[in-house]
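Please consider how charged side chains and paired strands connect the parts of a protein chain.

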Amino acid sequence: MALSVVFFILVRYFLLHYSFAVGKVGYKDVVLKITKNMSVFNAYLDEIVYFFESTKYDVVVFEDLDRFANKEIIFYKLRELNTILNNSHSFKRKINFVYAVSDDLFDATERVKFFDYIVTVIPIINSLNSYEKLKEAIRPSETFDKLGRTELWNLCDYLQDMRLLLNIVNEFNQFILLLDSKVMNEKVLFGLIVYKNYIPDDFAKMYNKAGIVAGILEDSDEQRKRIIAGYDEEIVKQRVKIKEENDNLTQKQIALRERYLDKAKELTGYSSYDLKVRINGNDYQFDAVAAQPSLFQKVREGSADSFRFNNSISARIPSFDAVDKNLFGLGGFDNAMALYEEENKRKTGELELSILSLSQKKIDLPNTVEGIYQVNTEDLDEKLKALGNLEKEQLVKFLILNGYLDRYYQYYLSYFYPNSLTREDRNFTMRAARHEGLQFEAQLERLDEVIKRFSVEDFSSNESLLNDDLVREIFGKSGLYQLYRAPICNQITKNKRLDFILSAYKAQPSVPGTFFFSLLKNYDFWNEIEQEDRFIEDQEALREIYVKFCDLREGHINPLFCSWLQDNYAFFDKRWEVITPKRAQNVFVACCPVFTVLILRETPELILQDIIENQRFAFTRKNLNAIIRKLGFFEEYRSAAYSAILDANNQNLIRAVKAHWSVALKSAFPDTSIHERIEIQCALLNAPDSPKADVYRYLSKQRNRITNAELLQDGVLEQVFENSLVESTWKNVNYYAVTKGKGLPLQFLYNNTFKDKVGDTLSLEEESALARLIVFSDSVKVSKYAELVPLFSTPFNGILFQIQPQRMKVLVEKKLLEFNATNYKFIFSHYPALYTQFLVNNLEVFVQHPNDYPINKADASAAILSLSTKRAKIDFIRAIKVQDIVFDHSFVSLARKFIEDGDLKVTDVGHKLLLSVITDAPIGIRESIGRRAILSLDYDPNVVTDVLNAMGGEYRRFLTDTATSSISYSLDAIKICNDLVAKGYLVGCEKNSNKIIIHKK
């Protein structure tokens, strides 16, 4: 009830003292009617007195009166009322009025005069304990730590009112329960609540982005731009200074060089004349030479021609050292130049460091409101003056500089109000508004509402807006969000957000390809893929994205990508379900790769044919094998490469092979077990565009050779035979050597073994023609000559011309020279050393026609010794019967033995040989042989006489051995007997049947 009374009194008081009127006021069931200009005490004094008469209250407490204007009047009226009540006779107790006011309500004198008794009350909260009070009030305690312990110490200096602190804490504790700490910042929420309770009128304007503080926060981005612009302006100034310093250095250097040239001119004695420097035939003014270091260097090194005057008079330019010594002292010129450069280097270095520092400041300049205003607090102070209260200014400054207020305040204001966003959408929006973290995979529902909350510019700079769902929405709906596409791509490009590209690529449902195509038109991120160290799976996925969507227009293709393509065809072969063959083909067309290694296990037909047709592969054995395997004729190819390729009739592959003939034949085709068909071999050899050396090398490894050399063109015959690519037949040799008239294919003959007889494949005429080249030639190696010549089946009937003795020896030994009188004579005349062997090797012919071949004693002896059988020796002795030869002792002894043994008849032996046999025969044997000779030979008186003489004394035996003897009858025998009778060697002789009876003395 006391409270009611006080209430009515105060209301009435306010009505009387302020410019508004109220007809009545009420409190619970009590209603007071008020009359204008009527004293509140006069109107309600009775009721007030009655109140105290009917109650036992004797104390009335007044609080917060110091908040009203005209505080002095209020207190004086209340004092008057207190006096009236205590003077009343209606009750006997004393009524005390107690005032709870601040110490600064009155000055010291007035306070003592007004109040009867003053009780000092220590405040519950002050600057020393507000921190502890706040810590006790914030719940839970972990939240307190998130508000910034250090900053709160200073913030609590502004929280010295318990009710204000409690109000802040209560409001914060309500909202913190609804806050998602992963999305919103507890610190900013607390700062906003402090600001709201401390400066409520300015806070209320925040909802419309109005008010002093809102303006400061909104202007932070512009403030950042102004700071950066200031840095840029200062950098420009520093660069201008660097240019000035460099220009100054150049001028000093030019001036120094001019001084040098002037001194040089002075030393020539032409100091009063206008001289020019002649260099390489051209005349230059001194200032031109001084301004061009290259020209001055020629003067310095002495390669300038001279000083010139009037284009006719020349003077030798003094040496550099001479001028230097006169001008500065030896070494002075270089020292001066060094000092100029050192000073320039020091000054420009300082300026460069300043530029580097400013550039780093630009890089380090924060994006946050607190970071921006920390750079220039003076600007913040100037803006805060609009609050008109120093304490408020300091509080707001503290809140901003310590991160309790930021530019995204509006999201905090609206966070706790229900709207069209889901909680996840709202969390995303709040974090994005603060540029807080990456939210690639956040799942959003009301995408249209989320997009509305941000400007197009936000999407170009705010990485927190990079989200799979948003990109899918923006790039999926044709035209609706067209303006947002470029900003998103620009932001990803600027920040090189390959991680988001990966996230978008892997997102389900998938992000439209238009996003990646649009992105890669501006952002060629291939270099980042290759340079950054990332998981292999991610790197492969990024490559996959690049290959699928990269810009293939001319001039937009990354050369490093093209280089990578060449070594990574396997990348495609694993991804045909992801990278369509048509896309791969477009990539190949644009980049023109030449794949180093082909892996074709899964390669589709379209790509395979493209690779072959456009020769997009390094022409290696491995790659060619891969293609052949994929085409399905590898088994055939393995044994006959080119034949198999032609049989497959793949024209693209044939063109590829022909374009790489040399490599194909040298290393790509299989090089073992080669079995190219004969016609293919000939086609390879005859083709005008085939690399002959490589064809020869390739076919030389083939097991089967060309059987018929006639299939080959003239232009390749020599090399074909040199490389032994045809079969080693006499028919081929004859075609080359005789038919084509190319002479002997020597290398072919050396490299091959001929087993067949020449006559087995060639006619006698062909064999003879070929023999003339091989047999009667000094060009074939003797060893090969000895191997080849015996293969000729018909001995040569004539010698065309003289050949080397060792070659003729082969002919003689191998009996390849016909044994006829002409050849016999040729050998006898030109090859005496072979004469005997030629005879010996052909005795069977000799003995048949001994009259045709003259023979001497040595040849006869050699011949008889070479014969291995008795029969052959006997036949030889009989053959040389007609030769008029005096034989040596061994030959005579052999012949005598044959006669003694009865193998030879004396009639089978030549006259001289017979005489020698008789003469050399031992006594007894001599008479026997002589007698047989005399009695057996055809009649010839001289022969008889010669035999008798040869017998020496033994002829007597012939006469006296027996009284009679008999010999077979013949006409010659009877003539010899008659001759002996006539000469007195015999008594007589008579014919008796078929015998001749000889009567001896």
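Arg-472 and Asp-469 both belong to helix 24 (residues 468-476), where a spacing of three residues places them about one helical turn apart. In this predicted model, their side chains form a salt bridge with an N to O distance of 2.7 Å. Is Arg-472 buried or exposed? Its relative accessible area is 16%, so Arg-472 is classed as buried, a class that requires a value under 20%. Asp-469, at 15% relative accessibility, is likewise counted as buried.

A second pair bridges separate elements. Lys-362 and Asp-232 meet through their side chains in a salt bridge of 2.6 Å, N to O. Lys-362 is part of helix 16 (residues 332-364) and Asp-232 is part of helix 12 (residues 220-268), so this contact ties together parts that are 130 residues apart in sequence. Lys-362 has a relative accessibility of 29% and counts as partly exposed. Asp-232, with 28%, also counts as partly exposed. These assignments follow because the partly exposed class lies between the buried limit of 20% and the exposed limit of 50%.

Arg-677 is partly exposed, at 31% relative accessibility.

Charged residues can also be connected in a network. Which residues are linked in a network of salt bridges? They are Glu-530, Glu-540, Arg-543, Glu-544 and Arg-575. Over the whole structure, the search finds 48 salt bridges. In general terms, side chains of opposite charge can pair when their charged atoms come close.

The account now turns from side chains to strands. Strands of a sheet pair through backbone hydrogen bonds, in either a parallel or an antiparallel manner. Here, four strands make up an open sheet in the order 6-5-7-8, and their pairing is antiparallel. Strand 6 (282-284) and strand 8 (313-315) form the edges, each pairing on one side only. From one strand to the next, the twist averages 40 degrees. Within this sheet, strand 5 (residues 276-279) and strand 7 (residues 306-309) run antiparallel and are joined by three bridges. Lys-276 has Arg-308 in strand 7 as its bridge partner.

How values were computed. Residues are numbered from 1 along each chain as its sequence is written. This is a predicted model: local features need pLDDT of at least 70, side-chain atom pairs count only at pLDDT 80 or more; totals for chains, interfaces and linings use all residues. Side-chain values use heavy atoms; hydrogens and water are left out. A salt bridge is a side-chain nitrogen of Lys or Arg within 4 Å of a carboxyl oxygen of Asp or Glu. Helices (H or I, at least four residues) and strands (E, at least two) are DSSP runs, numbered from the N terminus. Buried means under 20% relative accessible area, exposed over 50%, partly exposed in between (1.4 Å probe, protein chains only). Two strands pair if DSSP finds at least two bridges between them. Axes are lines fitted to C-alpha atoms, for helices over the stretch in contact, and angles run from 0 to 180 degrees between N-to-C directions.
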